[in-house]
Amino acid sequence: MHNSTRIRLIEPADAAPIAAHRVRDLEAFRPWEPAQPADFFTPEGQAERIDRLLAGYRAGSVWPGVVLADDQVIGQVTVGGILPQPHLRRGSVGYWIASVAQNKGHAGHAVGLVLRVMTDELGLHRAEASTNLENLPSQRVLRRNGFSPYGVAHSSIFLDGSWRDGLLWERILGD
Ligand SMILES: CC(C)(COP(=O)(O)OP(=O)(O)OC[C@H]1O[C@@H](n2cnc3c(N)ncnc32)[C@H](O)[C@@H]1OP(=O)(O)O)[C@@H](O)C(=O)NCCC(=O)NCCS
């Protein structure tokens, strides 16, 4: 299963499958993903969002990826908040995998692949991530990829109706 996971830069044509997954998973993701405006769940709204992500990519602040299994889009993996300055060289990893494709190792493998992009392509030194304290699957994904928890950001994200603490994760990538 793991070997069938691929990642690549997001493309405008990914809007339709992403919108379809996020409509289907609206309830399943409610505890873990922030609430989104109605147009997030339409191909047109996703297409606009992809345009913004690709603008961020051209500006060097984002590496926006999709996760593929058997050449189908099953999720996203994004490096955001990229700080390329020589004394920082860090970025923050985020991801989701559609419920129909979960628990097959795809997120774990996709994060491993994006860490390689961060090192080899973006030249970054440090990877960060944040999970909900209760999101054990997401924490497994990070641990499996060499991340360690280093702190708690109190009341840092509004999820499912209330402010939640975030568990902060780090992984040093190399020189
Ligand atoms: C978190 C998420 C990305 C994981 O994707 P995935 O492709 O299913 O992840 P993987 O299959 O690579 O790994 C899941 C791990 O969680 C474990 N797991 C699954 N359910 C679990 C549970 N209820 N309790 C503890 N561990 C659990 C699996 O055994 C696996 O661990 P392992 O590698 O030690 O066997 C996916 O569930 C998701 O998108 N969830 C909704 C959105 C979200 O949470 N995004 C991340 C926000 S930080």
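A salt bridge is a side-chain nitrogen of Lys or Arg within 4 Å of a carboxyl oxygen of Asp or Glu. The legends below describe close-up views of a predicted model.

**Figure 1. The salt bridge between E27 and R30.** E27 and R30 form a salt bridge in which the closest N and O atoms are 2.4 Å apart. R30, its partner in the pair, is partly exposed, with a relative accessible area of 37%. As a general principle, side chains of opposite charge can pair when their charged atoms come close.

**Figure 2. The salt bridge between E33 and R22.** In this view E33 forms a salt bridge with R22, and the closest N and O atoms are 3.9 Å apart. E33 is located in the loop between α2 and α3, while R22 belongs to helix α1 (residues 15-24), so the pair ties together parts that are 11 residues apart in sequence.

Figure 3. The side chains of R126 and E128 meet in a salt bridge, with a distance of 2.8 Å from N to O. R126 counts as buried, because its relative accessibility is 14%. E128 is buried as well, with a relative accessible area of 18%. This pair belongs to a network of salt bridges that links R90, R126, E128 and E170. By the rule used here, the count of salt bridges comes to 9.

**Figure 4. A negative surface patch that includes D39.** The residues D39, E44, E48 and D51 form a negative surface patch. D39 is placed in the loop between α2 (26-29) and α3 (43-59). With a relative accessible area of 38%, D39 is partly exposed.

Figure 5. Most residues other than glycine have a negative phi. D70 is not a glycine, yet its phi is positive, at about 50°. This residue lies in the loop between β2 (63-69) and β3 (72-83), and it counts as exposed because its relative accessibility is 62%. S155 likewise is a residue other than glycine with a positive phi, near 50°. S155 is found in strand β6 (residues 148-159), where its relative accessibility of 43% makes it partly exposed.

**Figure 6. Two positions in helix α3, I50 and A55.** I50 lies in helix α3, and A55 is also placed in helix α3. I50 is buried, with a relative accessible area of 0%, whereas A55 counts as partly exposed at 36% relative accessibility. I50 and I97 are 47 residues apart in sequence, and their C-alpha atoms are separated by 17 Å in space. For A55 and G108, the separation is 53 residues in sequence and 27 Å in space, C-alpha to C-alpha.

**Figure 7. R24 in helix α1.** R24 is a residue of helix α1. At 41% relative accessibility, R24 counts as partly exposed. R24 and D14 are 10 residues apart along the chain, and 16 Å separates their C-alpha atoms.

**Figure 8. The annotated domain, residues 5-170.** An unreviewed UniProt entry carries the annotation "domain: N-acetyltransferase", which covers residues 5-170.

Definitions and conventions
Residues numbered from 1 in each chain as written. Predicted model: local features only at pLDDT ≥ 70, side-chain atom pairs only at ≥ 80, totals over all residues. Heavy atoms only, no water. Patch = residues over 30% accessible without salt bridge, like charges linked within 9 Å, V, L, I, M, F, W, Y side chains within 5 Å. Areas by Shrake-Rupley, 256 points an atom, 1.4 Å probe, with all protein chains shown as cover. Lys, Arg positive; Asp, Glu negative; His and termini not counted. Charge placed at Lys NZ, Arg CZ, Asp CG, Glu CD. Helix = DSSP H or I, 4+ residues; strand = E, 2+ residues; numbered from the N terminus. Buried < 20%, exposed > 50% of the residue type's maximum accessible area, 1.4 Å probe, protein only. UniProt positions renumbered as here; feature names shortened; annotations may be inferred.
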